[in-house]
Amino acid sequence: MMYCHELYTFIVVVEQGSFLKASKELFITPASVMNQINKLEDQMGIKLFDRTNQGVNLTKAGCSIYKDAKKIVKISDNAIAHAKEIALKEQQTIRIGTSILRPCKMLIDMWSKIDDGTLPISMQIIPFDDTPAGMELMLSSIGEKIDCFVGPCDSVIWHEKYNILELGREDCKIAIPRKHHLSQKVMLCWEDLNGEKLMLVKCGDSPVLDALRDEIDANHPQITVLDAPHFYDTSIFNECEQLGCLMETLDIWQDVHPSLVTLPIAWNYQVPYGIVYAKNPSETVMSFIGKIKNQL
C-alpha cells in the first residue's frame, strides 16, 4: 500500500465503531489499535476521536480526515493496480507447448543459460496431447494460444506453414521391445534388421525418413516397413511393443515406453530438431528467438 498502516487502522476503527471490534477485524490486539491511533493523532497534531465507555466517536476534524482518507485509499489502490498492469505488459511471456514426445526441457535449459534473471521475458508452459487430434489442435494454436514448441522438425508441411529455428540434429535410432532377441545388442547394423518389421513415419512428409525408406526399398528388401501416421504418439510405441516389431526413434524418446530399448544403428540418418513458431510472430517471440539464435 502507498499509505501508512495507521491510516488504514483509523478507517477500520471508524467503520467498526470501537477499538475492540477493529482489533478483531485487523487480527491485532486492542492495545495495538490504540497505539496506532495515538501515533496517528500525534503525527497529525489532531484529535480524531472522542473516546467513551461505549466506544469512540469521530471529532469534526476526524470526520474530515476519514472522508479524505477513503479517497486516499482508493487513489492508492487504483495507482497500484494501474502500475501492475504496466508491469505485466513490460514482462513479456513466451507460451511454450510441451508434451511427452515433444518436451520443452531442452528449450528451458537453453534459455536458463541466456537469461541471468534480468531479461523481461517469462515462460508459460502449455501442455498438449501427442494424439493426431491433439497435434492438430496444438498446431492450429501456434501464434494464438501457443507461441512455440520444440521437437523434430523435418516436416515439409511445417516448413511451409511455420518458421523453424533448427537447434541441432538427432540421430535416427531403433526402438526394440525388451523381449526381442536384438535388444541385448550394443550396436545394430543393416543385417540385423533382415526379416524384421520396422515402423516408419508415413511416406511423404519427412525427407530424411523418406530417404531411409527409399534405401530400404532399394537395398534391403528383407525388411518389412510398417506405416505409422505423420506424427508419432504413445500409441505407436505401445503398438511396437505389442507386435514385437522395431521402430525408428530418437534419443529424446528413449524413456517413453518402459518395455522398449533404444539402440544406435550403423547408418547415417539424422532428423533436424528445433523450435517451431508462427510465420508472423509477435515482437516478444522475435526477441526471444533472436536471443537464442545469438547463442547458437
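This is a predicted model: local features need pLDDT of at least 70, side-chain atom pairs count only at pLDDT 80 or more; totals for chains, interfaces and linings use all residues.
1. Helix H5. This helix runs over residues 105-114, and its buried residues are Leu 107, Met 110, Trp 111 and Ile 114. Looking down the axis of H5, these buried residues fall within an arc of 100°, so they line one face of the helix. The other side of H5 has Lys 105 and Lys 113, which are exposed.

2. What lies over H5. The cover of the buried residues of H5 includes several strands, among them S3 (92-98), S4 (121-127) and S5 (148-152). Strands S6 (162-171) and S12 (270-278) also belong to that cover, as does helix H10 (283-295).

3. Helix H9. Which residues of H9 (residues 234-243) are buried? They are Ile 236, Phe 237 and Cys 240. These three cover an arc of only 100° around the axis, which puts them on the same side of H9. Among the elements that cover the buried residues of H9 are S7 and S11, together with strands S8 (197-201), S9 (224-228) and S10 (246-249). Gly 244 follows H9 and has a positive phi, near 70°.

4. Strand S11. This strand spans residues 260-263 and is covered on both faces. Leu 260 and Thr 262 are buried on one side, and Val 261 and Leu 263 are buried on the other. S11 pairs with strand S7 (residues 173-177) in the antiparallel sense, over four bridges. Within this pairing, Ala 175 has Thr 262 of S11 as its bridge partner.

5. The second largest cavity. The structure has two cavities of 30 Å³ or more. The second largest cavity holds about 30 Å³ of space. By type, the lining of the second largest cavity has five nonpolar and three polar residues, and no charged ones.

6. The largest cavity. How much volume does the largest cavity have? The value is about 250 Å³. This cavity is lined by 17 residues, and the closest to its centre are Pro 152, Val 201, Leu 209, His 230 and Trp 253. The lining of the largest cavity divides into ten nonpolar, three polar and four charged residues.

7. The largest pocket. This pocket has a volume of about 170 Å³. Its lining includes Glu 136, Leu 139, Ser 155, Ile 157 and Trp 158. Lys 161, Tyr 162, Asp 205, His 230 and Phe 231 line the pocket as well. His 230 is also among the residues closest to the centre of the largest cavity. Helices H6 (132-141) and H7 (156-161) each contribute at least two residues to the lining of the pocket. H7 gives the most, with three residues. The lining divides into five nonpolar, two polar and three charged residues.

8. The loop with Phe 27. Phe 27 sits in the loop between helix H2 (19-26) and helix H3 (30-44). Its phi is near 60°, a positive value in a residue other than glycine. Is Phe 27 buried or exposed? Its relative accessibility is 76%, and it therefore counts as exposed.

9. The loop with Gly 17. Gly 17 lies in the loop between helix H1 (5-16) and H2. With a relative accessible area of 29%, Gly 17 is partly exposed. Leaving out residues up to four places away in sequence, Gly 17 touches Gly 55 and Val 56. Gly 17 and Met 34 are 17 residues apart along the chain, and their C-alpha atoms are separated by 13 Å.

10. The loop with Pro 221. Pro 221 is placed in the loop between helix H8 (207-219) and S9. Pro 221 has a relative accessible area of 62% and is exposed. In sequence, Pro 221 and Gly 195 are 26 residues apart, while in space they are 9.0 Å apart, C-alpha to C-alpha.

How values were computed. Residues are numbered from 1 along each chain as its sequence is written. Side-chain values use heavy atoms; hydrogens and water are left out. Buried means under 20% relative accessible area, exposed over 50%, partly exposed in between (1.4 Å probe, protein chains only). Two strands pair if DSSP finds at least two bridges between them. On a 1 Å grid over the protein atoms alone, a cavity is a set of points where a 1.4 Å probe fits but cannot get out, and a pocket is an open set with protein on both sides within 12 Å along at least five of seven lines; lining residues have an atom within 4 Å of a point. Grid points are joined across faces, edges and corners, and a volume is the space filled by probe spheres set on the points. Ala, Val, Leu, Ile, Met, Phe, Trp, Tyr, Cys and Pro count as nonpolar, Asp, Glu, Lys and Arg as charged, and the others, Gly among them, as polar. The arc is that of the directions from the helix axis to the C-beta atoms. Contact means heavy atoms within 4.5 Å.
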